[in-house]
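Hello,

Here is the structure I promised to hand over. Please open it first, then read my notes below.

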Amino acid sequence: MFVSENLAVNEKGNLTIGGVDTIELAKTYKTPLYVMDEGLIRQHCRSFKESIDKYYNGRGLVCYASKAFCCKQMCRIMNEEGIGLDVVSQGELYTAINAGFPTANICFHGNNKTDDELTLALAHGVGRIIVDNIYELHRLDELAQKLHKKPNIMFRIKPGIDAHTHDFVKTGQIDSKFGFALETGEAMEAVKEAVALENVNLSGLHCHIGSQIFDIDPFVLAAEVMLDFIAKIKSELGYEIKELNLGGGFGIKYTNDDSPVPYDRYMEKVSEAVKAKCKAYDMELPYILIEPGRSIAAPAGITLYTVGGVKNIPNIRTYVSIDGGMGDNPRYALYKSKYDIVCANKAGEPKTETVTVAGKCCESGDLIGEGMPVQKLEVGDTLAVLATGAYNYSMASNYNRIPRPAVVMVHHGKHKLVIKRESLDDIIRNDL
Ligand code: LLP
């Protein structure tokens, strides 16, 4: 019935997450409130990890893409699960360092890393720096020399696969702000330069073909394109690339229209392709990294709001006003992303209404969704928006000077605060 398996209805007719009553959570912590199910997060981590163990002899590392949802507790959970991290800014890296995360298991991304960011990464021994462009390569080499370090680097490659069309296509498209192009020879030139540099060690190649992808074929094709390039590097330069990072992007179920592939199928198919290519080229199997973000965090999270008003505009639509909105979830405003909603205190009742959920920002586009089926709503009801665990808290803003909500994690029937609600003093904390 629900998009995530961890949601249910209890004897009071209330929505539960990980066995915890959402109405109790709303009373205890107030709304708006992000709630994450730690058990489901851990389960997703294990599925990805086990898929590498099962289909690739454990010769790989799952790195959680922390841009999906980053906080110290999330870093601790990843470490406990034996998962690495993908960070994309000084802020994410700083969070991980502060959580005591082993930096050797961190991949540092970004298409325009600053010297401060690279210096922090070098000083803390980040395991892999994913170099995006030639300027970064040279800056990193200089900084590494100054700091007497020799970081492992990977190159971000544009494999030329567009997975976002209905039928994915290999476009050979090079119009992306990320990475080095294969077709133009840019990537090969960069590899030649990198292998000649003294202060970096080119250990691998990276690609990421997009996000919320349901098809396995584009991932397989991307892996094949990357192995063809690894083989070309070996034959032309005699240089062996030891690691292959295939990025993230695995689709999840936001509504019942989405049918995600079981997570272990990706590794099953991709490892078959990698093994076949390596056999054909007579190459060693590379160590593989994958970077799931959304698929680890999104299904584990919901957001709870309180309904403040129901405005029925006859023959047009019914607006339901909630105490949050685009400040805590900008994804409808940005991408017209679809969500399922449930009245948390009437979760067992049928959905008889169709509504537009409106946030409280001073902006008409501040909507969580339109044409959303839901139970009959009244002022004071608790509304749950489902599958909000990824790219909601992490993309939240203080627009209209609205404080960001708290994040609570539930586990084994218990709940604990992992990020405090922002206060009004937090809002003015940097004002002079
Ligand atoms: N690795 C790299 C290099 C990435 O750029 C990304 C996402 C990931 C991994 C994780 O992808 P995932 O498994 O989460 O799909 N804000 C957008 C999503 C942007 C994703 C950017 N890169 C949204 O809310 O849908």
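Let me start with one contact. A polar side-chain atom of Y391 sits 2.6 Å from an oxygen atom of the ligand. Bear in mind that this is a predicted model.

How much of the ligand does the protein bury? On its own, the ligand exposes 590 Å², and the protein buries 86% of that.

In the side chain of Y335, an N or O atom is 2.8 Å from a nitrogen atom of the ligand. For D86, a polar side-chain atom lies 3.2 Å from a ligand nitrogen atom.

Now the surroundings. There are 18 residues around the ligand. Those that come nearest are S211, E291, R294, R331 and Y391. By type, the shell holds 5 nonpolar, 7 polar and 6 charged residues. The ligand takes up the space of the largest pocket.

Next, the chain as a whole. It is divided into domain 1 (7–37 + 301–428) and domain 2 (109–292). Domain 1 is written as two segments. The centres of the two domains, taken over C-alpha atoms, are 36 Å apart. Where they touch, 5 residues of domain 1 are in contact with 5 residues of domain 2.

Which domains supply the shell around the ligand? Domain 1 and domain 2 each give at least three residues to it.

Best wishes

Terms used. Residues numbered from 1 in each chain as written. Predicted model: local features only at pLDDT ≥ 70, side-chain atom pairs only at ≥ 80, totals over all residues. Heavy atoms only, no water. Near = heavy atom within 4 Å. Polar contact = N/O pair within 3.5 Å; in protein donor to acceptor, adjacent residues only side chain to side chain. Areas by Shrake-Rupley, 256 points an atom, 1.4 Å probe, with all protein chains shown as cover. 1 Å grid on protein atoms, 1.4 Å probe; cavity = no way out; pocket = protein on both sides within 12 Å on 5 of 7 lines; lining within 4 Å. Sits in = over half its atoms within 2 Å of the grid points. Nonpolar A, V, L, I, M, F, W, Y, C, P; charged D, E, K, R; others polar. Domains from an automatic or database assignment. Contact = heavy atoms within 4.5 Å.
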